[in-house]
Amino acid sequence: MTYLTRSLIPLDVLLAETSAAECGGTCAFLGTVRDGPEEHGVTAIEYSAYEEMVEGELGRIVAEVGERWAGARVAVRHRLGRIPAGEASIAIVTAAPHRAQAFEACRYVIEEVKRRVPVWKKELRADGTEVWVDPSGRPTTRPAHV
Amino acid sequence: MAPQTPSGTIRVRFFARYAELVGRTEAAVAVPLPATVGDVVRHVRDQLPGAHDIPERPLTAVNLRHVKLDASVRDGDEVALLPPIAGG
């Protein structure tokens, strides 16, 4: 099982992986590259990772979901490489017997990803600069021309 | 003759901004044992060009698991210095 991809994330595949007759609620979350008013013209984000550790950490998070929400199913993909604004960098699908469990499990996965999974992002801006950003999206370095 | 202090070789890995600071993605670091992750970080910051700009207390992992700086290291371990995580 790999949780990483360098291509568009196929949401239909994740939905198929979690589909089960006993699950009455399915929750899908997409995190997408944002170019909002505070983003200084982000054209794309370059995602990099400690790939071997991502696989291990995401595997543990998926296992934790199974322990916390009985009968819950999870599918996750994180995309790496250059991702244009508007495209998804992460997709999480959770399915569970009831909708509350599916929502809770999905929220748990994205929050744990933000906290534990070693992935980093460098914003690529329309003015030609690049900047590493922290978990809240704030620059950790001064924008540098490349 | 004084007994020799045993030493270990640690594979240190750098990612994202930290890799840019040191201009490399990994280094083999020899440290006297016993040693902690904090000892490895201090050694890296003191010895490796560019590494002084890495924080004194970065996030760290040993053998693919998050650890604190007081975790011990053994010969052959892989220690990763992790910039603030920003995935998702």
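**Entry 1: conventions**

I count two residues as in contact if their C-beta atoms, placed from the backbone, lie within 7 Å. The model is predicted, so I keep local features at pLDDT of at least 70 and side-chain atom pairs at pLDDT 80 or more, while totals for chains, interfaces and linings use all residues. Residues are numbered from 1 along each chain as its sequence is written, with chains lettered from A and ligands numbered from 1 in the order in which they are written.

**Entry 2: the contact between the chains**

I looked up the contact and found 24 residues from chain A and 14 residues from chain B. On the side of chain B that touches chain A, α1 (16-22) and β7 (78-82) of chain B each supply at least two residues. Here helices (H or I, at least four residues) and strands (E, at least two) are DSSP runs, numbered from the N terminus. I sorted the residues on that side of chain B into 10 nonpolar, 3 polar and 1 charged. In this sorting, Ala, Val, Leu, Ile, Met, Phe, Trp, Tyr, Cys and Pro are nonpolar, Asp, Glu, Lys and Arg are charged, and the others, Gly among them, are polar.

I then checked A:Ser48, which is found in strand β3 of chain A. Not counting residues up to four places away in sequence, A:Ser48 touches A:Leu80 and A:Trp120, and also B:Phe15 and B:Ala16. A:Ser48 is partly exposed, with 17 other C-beta atoms within 10 Å. The classes are buried for 20 or more other C-beta atoms within 10 Å of a residue's own, exposed for 12 or fewer, and partly exposed in between, with C-beta atoms placed from the backbone. From A:Ser48 to A:Val33, 15 residues apart along the chain, I read a C-alpha separation of 14 Å.

**Entry 3: chain A overall**

I recorded 3 helices and 9 strands for chain A. Their pattern along the sequence is β-α-β-β-α-β-β-β-α-β-β-β. Along the principal axes, the C-alpha atoms of chain A fill a box of roughly 55 × 25 × 25 Å. I also noted that 35% of the 146 residues of chain A count as buried. Of the contacts in chain A between residues at least 6 apart in sequence, 69% join residues at least 24 apart.

**Entry 4: strands of chain A**

I traced an open antiparallel sheet of 5 strands in chain A, ordered β5-β3-β7-β8-β9. Two strands pair if DSSP finds at least two bridges between them. At the edges stand β5 (81-84) and β9 (144-145) of chain A, each pairing on one side only. Strand β3 (residues 42-49) of chain A meets β5(A) over 4 antiparallel bridges, and A:Tyr47 has A:Gly81 as its bridge partner in β5(A).

I next examined strand β6 (residues 88-96) of chain A: 8 of its 9 residues are buried, so β6(A) is largely enclosed by the rest of the structure. Strand β2 (residues 25-32) of chain A is joined to β6(A) by 8 antiparallel bridges, and strand β4 (residues 73-79) of chain A pairs with β6(A) over 6 bridges, also antiparallel. A:Ile92 in β6(A) stands opposite A:Phe29 and is the bridge partner of A:Val76.

**Entry 5: the nonpolar core**

I found 60 residues in the largest nonpolar core, where A:Ala105, A:Val109 and B:Val40 have the most contacts. Such a core is a set of buried Ala, Val, Leu, Ile, Met, Phe, Trp, Tyr and Cys residues joined through C-beta atoms within 7 Å. Leaving aside neighbours within four places in sequence, A:Val109 is in contact with A:Ile61, A:Val65, A:Val74, A:Val76, A:Ile92 and A:Thr94.

**Entry 6: chain B**

I read the open sheet of chain B as 5 strands in the order β2-β1-β7-β4-β5, with mixed pairing. Its edge strands β2 (26-32) and β5 (65-67) each have a single partner strand, so one side of each is left without a neighbour in the sheet. Strand β4 (residues 59-62) of chain B is joined to β5(B) by 3 antiparallel bridges, with B:Val62 opposite B:Arg65.

Last, I located B:Glu56 in the loop between α2 and β4 of chain B. B:Glu56 is exposed, with 10 other C-beta atoms within 10 Å. B:Glu56 and B:Ala86, 30 residues apart in sequence, are 20 Å apart in space, C-alpha to C-alpha.
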